[in-house]
Every structure is written in C-alpha cells, then in structure tokens.
Amino acid sequence: MAQVFPPGANWLAKWSILFAILGVTLVVGVASAVYWSPVVTQVGVHKKQPVPFSHQRHVQGNGLDCRYCHTSVETSPFAGIPATETCMTCHSQVLAGQEMFNPVKESWDSGQPMEWTRVNDLPDFVYFNHSIHVNKGVGCSTCHGRVDEMRLTYKAETLHMGWCLRCHEAPEKFIRPKDQVFNMAWEPPSDQLEQGRKLVQEYNVEVGQLLNCSICHR
Amino acid sequence: MNYEIASRTRGPKHAALCAACLVALSGCHWDMWNNARYKPLEPTTFFADNATARTVPPGIVPYYDTESKVLSVASTEPPLTDTHYFQGKVEGAFAKTLPASVPLNRALIERGQRQFEIYCIPCHGKLGDGQGMITTRGFPNPPSYHIDRLRQVELGYFVDVMTNGFGRMYSYASRVKPEDRWAIASYIRVLQLSQNATPELLPADVLEQAKNPQPAAAEAHEGPQSNEHD
C-alpha cells in the first residue's frame, strides 16, 4: 500500500503543534483585546448629546450637587435625569438665547422632552438599584469615575457582571463613610480594608447574600 | 486506510456541525438585552411626544397622603384640603407655624440644612445672603434673607415661594418634597437668627467661653447653630 504521508510530514506534525498553540493564542488574544476594548465596552467613549452638557462646568465650575439634577438617586432605583424645567431654572437667565440651547428652548416651548443618549446601560435582565448603594456608602465615583471632570459624560467602568461581583464579594475594599458618597475627590485611605470592615458592620451590609444570582437577576 | 475512510465520512458531519453553529450564532439576538419593557424615561414611538413617562393631565393632581407619607399616582378629587401642609396657607393667609404632621426637632433642621445646601445655595448662597455662585455668572441676585421684609414674613411664605416660584425663581415643587419644603423653611429661620443673634441668646457657659476663649474648648459645641458659619 502506498504511503499516505511523505517523510517531511514528521516535521510538519511536530511544528503544527506549535503553530496550533500560537494560532489559538493569537485568536483568543485578538478576541479578548476586542472584547475589552472601548469599541465593545464603550468605556471612556462619550456619546453625542443634543446639548453639549458638561458636568465639569456645572459640578466643578458651579459647585452643584449631583442631587440638584439627579433628584431621585437616594430614594429610588433610578437616579433620575433632569427635566427641561431644571435646566431652565438657570438658563432662562444664564446664557439664555445662545444657539446651543435651542434644543432646550424647543423642548420647553413644546413640552416635548429632551432625548439624552444613555451612557451607562445595563441589559434588561439585570436589576440595579441606586438607592441601596448610595445609602450603604458606595460613592458615585466608585462606579461612574470622576464625573466632575467630564466635559461630555462617558462610561467609566465596563459594568460587566465580573465588575459588579468584584465589589459584591468584598465590599469593604470600596465602601466609604456615607457623608462622602457625593464627594467626587474621595480616595480610599491607606487603611481602607480596616475602615471598610467597620463600615460594612455599621451599615449592616449583608455580604453573605450579595453573590446570590437572584439579587441581580430577578 | 481506515483513517482515510473515517475522515471522509466525518467531513460532511463536521461541515454540518459548523453550519449548525453558524445558524445558532446568527440566531443570537438581543431581545434579552432589550426586553419588551421600558426603563424609566426610555423613549417610545407609541405616544406623540415619544415619552413613556406621562405628564399628568390638566386638572389632575398627585395624591399625597400625609399620614402614611405615600405619594400615589393621581386622583381627580384632590385631597389637597390640607392647604397648610401643601401650600403654606391657612384660610388664605400664610401659615405662622409648622403643620401638625411636621414636628420641630433637630432632625428637621438638619434635614433642612442638607436640602438647602443642595437646592438653594447655587443662587441664595450658603448664608442666604443672595450671593450664590450662579449670581457671578449672570443670574440676577435674589434678595438676602436678612432684610427686614423677609425677617417679618410668616414661615408659610417661604413654603409658598418654593411651591409656586417667585419672580425669576422657578417652582421647586417637582424637585423638593412638601415635607422638605417645611424643613428648608425652618432652616431659613436658623440662618436668619445666625445673622442677627445677640450674645444673650447663647447658653451661659458658651457665652463665658466666648468671652474668655480657650482653644481646646472651642469645638465642644457643634450643631446646626454653629455649622452654618463655615
């Protein structure tokens, strides 16, 4: 019977193992690079908005508190997006009549709401609630980054499940005193773990149940 | 030999498997990501104004039960008979006192301070002197709380201004809850006192310390009365 493989096939067989490993590594590498890149995660990518609203200007520049606009963040799952009325409270006077405010003005005159583009968007099969986090000492900047330094709003974290769980399995690494929740410049102290453990106790955070699937997928 | 045959027959099987995978992949869809439900404020094409959050029709008011503190949707028969609580008015005149459902205590004043510093200081300033940040950016200065006219108005007057707006100030009814309006009004009284206090109002021991300041004792008396000076 004729030989199926020529002698050179031995060489090929050996090297093909190496090539296969290299090839798989390359494919996995490229795939995960794409998966973790801003193109897919949208981290750091700002969205086109009807009005170039700047948190830097309003929070750092004008010293507004987050709750001035996101009124329901402490009391409900939804943080709240300000009504046109809220913008008009100041912009009926400040910079009134400037062209960039046309969408605000049109919305105010017609009663048609402004359509802001969502920046942070969880899939609909995930349940999230702002009030529980804010009332247990998880600060805005832990999840949203330095919003006060953003000219246009962008997403600061991937919001992947692994990202939520990294905190849910050890909240003491991130938790801060409640009166610092709205402080954008808060940095963990050098003894964060120790402080964090105390706060977890003080705020009755039920660490044991935070990894249950049904907390987030209800 | 066997191997060759086997691989030939496996070929089509593999192809079928790959095809099935491709079909399965193309079957991936996003309807778990975007369920047929709306997140708060998500737009819709169903209503003419594209909003899922509906505006309350004219003539209909939110129903707020002061006893259970529950805000329910809307009722055609407004149980807003409690004008004292909701509008700061008793029989048409500005109320002089807090409504019965809002007890005066330290928690109320502290709540008032917190809410004041969120919603009011951009224009009125931390001391209520009408020198807020926004006034340096082209917003006209509101009057100071420390003028005679505002020292003499009744408590309900401030609640009325927050509820209905005044001059260039828009209504804050959609942002500040009725209960918080009373808390803020009470805190305004604290501010007014803070700018017009006489030494006799201090407790005797504090007065003694103020006369003979000792650095260590200075921090012993903290509270809303001393906080607002910072």
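This passage walks through the fold, the surface and a few individual residues of a predicted two-chain model.

Chain A contains eleven helices and zero strands, and its elements accordingly read α-α-α-α-α-α-α-α-α-α-α from the N terminus on. The radius of gyration of chain A is 25 Å, whereas the globule rule gives 17 Å for 218 residues, so chain A is more spread out than a compact globule. The extents of its C-alpha trace along the principal axes are about 95 × 50 × 35 Å. Of the 218 residues in chain A, 36% count as buried. When contacts between residues at least 6 apart in sequence are considered, 70% of those in chain A join residues at least 24 apart.

The surface and charge of chain A can be described briefly. Chain A exposes about 13500 Å², and carbon and sulfur atoms supply 61% of that area. Its charged side chains comprise 18 positive and 20 negative ones, with the centres of the two sets 6 Å apart.

Chain B brings strands into the picture. Its secondary structure consists of nine helices and four strands, arranged along the sequence as α-β-β-α-β-β-α-α-α-α-α-α-α. Chain B has 230 residues, and buried residues make up 32% of them. Among its contacts with a separation of 6 or more, 46% are between residues 24 or more positions apart. The accessible surface of chain B amounts to about 14800 Å², and 60% of this belongs to carbon and sulfur atoms.

Helix H5 of chain A covers residues 84-91 and is mostly covered, with seven of its eight residues buried. Those buried residues are Thr84(A), Thr86(A), Cys87(A), Met88(A), Thr89(A), Cys90(A) and His91(A). Their packing partners are three helices of chain A, namely H3 (55-61), H4 (66-69) and H6 (102-110). As background, an α-helix has 3.6 residues a turn, so residues three or four places apart point the same way.

One of the residues in this helix is His91(A), whose place is in helix H5 of chain A. His91(A) counts as buried because its relative accessible area is 15%, under the 20% cut-off. Leaving aside residues up to four places away in sequence, His91(A) touches His58(A), Ala96(A) and Phe101(A).

Over all chains, the disulfide count comes to zero. Cys87(A) is in no disulfide, and its nearest cysteine sulfur, that of Cys69(A), lies 6.8 Å away. The relative accessibility of Cys87(A) is 18%, and therefore Cys87(A) counts as buried. For Cys216(A), the closest cysteine sulfur belongs to Cys164(A) at 6.0 Å, which is too far for a bond because a disulfide requires sulfur atoms within 2.5 Å. Cys216(A) also has a relative accessibility of 18% and so counts as buried.

Helix H6 of chain A, one of the helices against which the buried residues of H5(A) pack, holds Asp109(A). With a relative accessibility of 53%, Asp109(A) counts as exposed. Asp109(A) and Asn62(A) are 47 residues apart along the chain, and their C-alpha atoms are separated by 26 Å.

Two backbone details in chain B complete the account. Leu41(B) is not a glycine, yet its phi is positive, at about 65°. Leu41(B) sits in the loop between helix H1 (2-26) and strand S1 (61-65) of chain B. Its relative accessibility is 46%, so Leu41(B) counts as partly exposed. A positive phi is also found at Glu91(B), a residue other than glycine, where the value is near 50°. Glu91(B) lies in the loop between strand S3 (89-90) and strand S4 (93-94) of chain B. Glu91(B) is exposed, with a relative accessible area of 79%.

Notes
Residues numbered from 1 in each chain as written. Chains lettered and ligands numbered in written order. Predicted model: local features only at pLDDT ≥ 70, side-chain atom pairs only at ≥ 80, totals over all residues. Heavy atoms only, no water. Buried < 20%, exposed > 50% of the residue type's maximum accessible area, 1.4 Å probe, protein only. Helix = DSSP H or I, 4+ residues; strand = E, 2+ residues; numbered from the N terminus. Contact = heavy atoms within 4.5 Å. Rg over C-alpha atoms; globule rule 2.2 N^0.38 Å. Areas by Shrake-Rupley, 256 points an atom, 1.4 Å probe, with all protein chains shown as cover. Lys, Arg positive; Asp, Glu negative; His and termini not counted. Charge placed at Lys NZ, Arg CZ, Asp CG, Glu CD.
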